[in-house]
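I opened this model today to look up a few things about its strands, its core and one of its pockets. Here are my notes, in the order I took them.

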Amino acid sequence: MDFDHDWNLSIDDIQSSPIYFFDEDDGGFSLGARTNSFNVNLYSYNSTGIQQGFPLQFPGTHAWVKSLGRQPNGRYILATAGDNNGVWLTNFGTDGTMIGEVQVGDYATDAYYKPVPVTIDDSGTATVAWTMAQNGNLDIFLSRVSNEGIQIDSTLRVNEYAWGSNQYDPCLSSTIGNTIVAWTDQRDGSINTNIYAQIYNPS
């Protein structure tokens, strides 16, 4: 496999690996990353890797674990989570102005929420997944929020319950009507780590 370009984007004040990447229709791309001030900056580049204008900044209000998605209408959804802050989805306008937010994961003293991937389907529905400790085990949970920022259904535990085992590190992909959730699974023992997946269809 050959790559056409190897760009040094020279982004300063970055504290994490990229949390968002989006190909643009003009051949350019957008790149989001968490900054040292716990915000998320979204940088735009043309097809030659030259930054275009100033980055959009999305304030981080709840925790440092974040992921970012974009709705078909151009708005952005920022998912944040922390051990003592729950899981939140915050809606931002095309210019980075905060529109509203909703909490989808409840506070839990022994919670472990990292990471919190978010995916958005063609209808604008956002789906977020996270890991949470219950009864001494780590399990995968999922919730959906409508294009209007309303939680659509109750929080769902995705994996089968298995006492004394851990399931963690979810990743997501969505189309209209279906969400695929994959995660790391230790139900066969900590030395036998496997990858499991579920297709979630709310209908």
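Before counting anything, I settled the term: two strands pair if DSSP finds at least two bridges between them. I also reminded myself that this is a predicted model.

**Entry 1: a hairpin.** I started with strand 13 (residues 167-175) and strand 14 (residues 178-185), which pair in the antiparallel sense over 7 bridges. Looking across the pair, I found Tyr168 opposite Thr184 in strand 14. The hairpin of strand 13 and strand 14 has 2 residues between the strands, and Gly177 takes a positive phi near 100° there.

Entry 2: Which residue other than glycine has a positive phi? I noted Asp169, with phi near 55°. Asp169 is found in strand 13.

Entry 3: Next I followed 4 strands that form an open sheet in the order 9-10-11-12, with antiparallel pairing. Strand 9 and strand 12 (156-157) are at the edges; each has a single partner strand, so one side of each lacks a neighbour in the sheet. Strand 11 and strand 12 run antiparallel and are joined by 2 bridges. Here I saw Leu142 standing opposite Leu156 in strand 12.

**Entry 4: the core.** How many residues does the largest nonpolar core have? I noted 16, and those with the most contacts inside it are Val87, Leu89, Val104, Val116, Val128 and Trp130. Two or more residues each come from strand 6 (76-82), strand 7 (86-92), strand 8 (98-105), strand 9 (118-120), strand 10 (126-134) and strand 11 (137-145). Strand 10 gives the most to this core, with 4 residues.

Setting aside neighbours within four places in sequence, its contacts include Ala79, Val87, Leu89, Val104 and Val116. Phe141, Leu142 and Leu172 are also among the residues that Val128 contacts.

**Entry 5: a pocket.** Last, I looked up the second largest pocket, with a volume of about 180 Å³. Its lining includes Tyr20, Phe22, Arg70, Pro72, Ile120 and Asp122. Strand 1 (20-23), strand 5 (65-70) and strand 9 each supply at least two residues of that lining. By class, I wrote down 6 nonpolar, 3 polar and 3 charged residues for the lining of this pocket.

Definitions and conventions: Residues numbered from 1 in each chain as written. Predicted model: local features only at pLDDT ≥ 70, side-chain atom pairs only at ≥ 80, totals over all residues. Heavy atoms only, no water. Core = buried A, V, L, I, M, F, W, Y, C linked by side-chain atoms within 4.5 Å. Buried < 20%, exposed > 50% of the residue type's maximum accessible area, 1.4 Å probe, protein only. Contact = heavy atoms within 4.5 Å. 1 Å grid on protein atoms, 1.4 Å probe; cavity = no way out; pocket = protein on both sides within 12 Å on 5 of 7 lines; lining within 4 Å. Points joined across faces, edges and corners; volume = space filled by probe spheres on them. Nonpolar A, V, L, I, M, F, W, Y, C, P; charged D, E, K, R; others polar.
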